[in-house]
Amino acid sequence: MLEYVLAGGLGLILGSFLNVVITREPQREAFGLGRSRCPECRHDLTWYDNIPLLSYLWLQGRCRYCGVAIPWRYPLVELASTLLTLALWIKFPGNILLLAYVPFALALLTLSVIDLEQGLLPDVITLPGIGFGLLSSLVFQELSFFSALVGALTGAAVFQGIAWIYAKWAGKQGMGGGDVKLLAMIGAFLGLQSLPWVIFLSASLGTLTGIILVLRKGLHPKETLRTLPIPFGPFLAIGGLFYLFGKEYLLRFLETGGLF
């Protein structure tokens, strides 16, 4: 029981740091320096105003100094980070691979939120992520460097081609270089064999979301894409996490035609 509490507590603390990265990185601020502050009035926060989740509840979701509502994103990211870290411990209890998979999963969470808020997938996260994934495949015997390297290269190449086809079809640049680098990062961590699943799952979720938007807006698909661009990073992240947690079930499905 204690190990679950410690895993969840670590995720909660890391989630607070992720919020700093999500807030400061798009503004090109150094997220490792300086105290946390209210994004509205810019007042520095005391330590007791910055306790993950608890401070939000204690302050009833409002800044102590200006009274402006604190965005829901802050407690949600902290909660998501806690659940992800706890789920990874349950999936890989005591496994040294957690040293690779925890940073990977939390990077996916961070990138997803930044993409949803800003339409960006910062190189400062994706490029070191590719390098860390490749390095992990060299350090941990359970991983394959060849699969990681080919996965990173293939992920980048495949999505570069998809981006080109999309631009031709939609008449505009839809998938940027950030999506290409994110899929390369996923390939570096999860290997070449993960890419078909990740692409299929992310494309299915993205297509479903697009159909829902088309039906709600009553527009032509191309017009919907022009007026309501859909960040694709979160769908890739979901695909990567789904494969990370459910790889055994997916492979069993291929072998037997059933999940159980």
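Okay, cysteines: the sulfur of C66 has its closest cysteine sulfur in C63, 3.7 Å away, and that's too far for a bond. Remember this is a predicted model. A disulfide needs the two sulfurs within 2.5 Å, and by that rule the count here is 0 disulfides. As for how accessible these two are, C63 counts as buried, at 8% relative accessibility, while C66 comes out at 32%, so partly exposed.

Right, on to the aromatics. There are 5 aromatic pairs in the structure. One of them is Y56 with W72, a tilted pair, 5.7 Å centre to centre with 55 degrees between the planes. What does that pair tie together? Well, Y56 sits in helix α2, residues 54–58, and W72 is in the loop between α2 and α3, so the pair joins parts 16 residues apart in sequence. Y56 is buried at 15% relative accessible area, whereas W72 is exposed at 59%.

Then there's F232 with F235, also an aromatic pair and tilted, with 5.8 Å between centres and 55 degrees between planes. Both partners are tucked away: F232 is buried at 13%, and F235 is buried at 11%.

α1, residues 2–24, packs against α3, residues 73–91, at about 140 degrees, with the axes 7 Å apart. That angle makes α1 oblique to α3. The crossing of α1 past α3 is right-handed. And who's in that contact of α1 with α3? The residues split into 11 nonpolar, 9 polar and 3 charged. Okay, over to you folks.

Technical notes. Residues numbered from 1 in each chain as written. Predicted model: local features only at pLDDT ≥ 70, side-chain atom pairs only at ≥ 80, totals over all residues. Heavy atoms only, no water. Axes fitted to C-alpha atoms, helices over the stretch in contact; angles between N-to-C directions. Helix = DSSP H or I, 4+ residues; strand = E, 2+ residues; numbered from the N terminus. Parallel < 35°, antiparallel > 145°, perpendicular 65-115°, else oblique. Left-handed = near helix turned anticlockwise from the far one by under 90°. Nonpolar A, V, L, I, M, F, W, Y, C, P; charged D, E, K, R; others polar. Buried < 20%, exposed > 50% of the residue type's maximum accessible area, 1.4 Å probe, protein only. Phe/Tyr/Trp six-rings, centres within 6.5 Å; stacked < 30°, edge-to-face > 60°.
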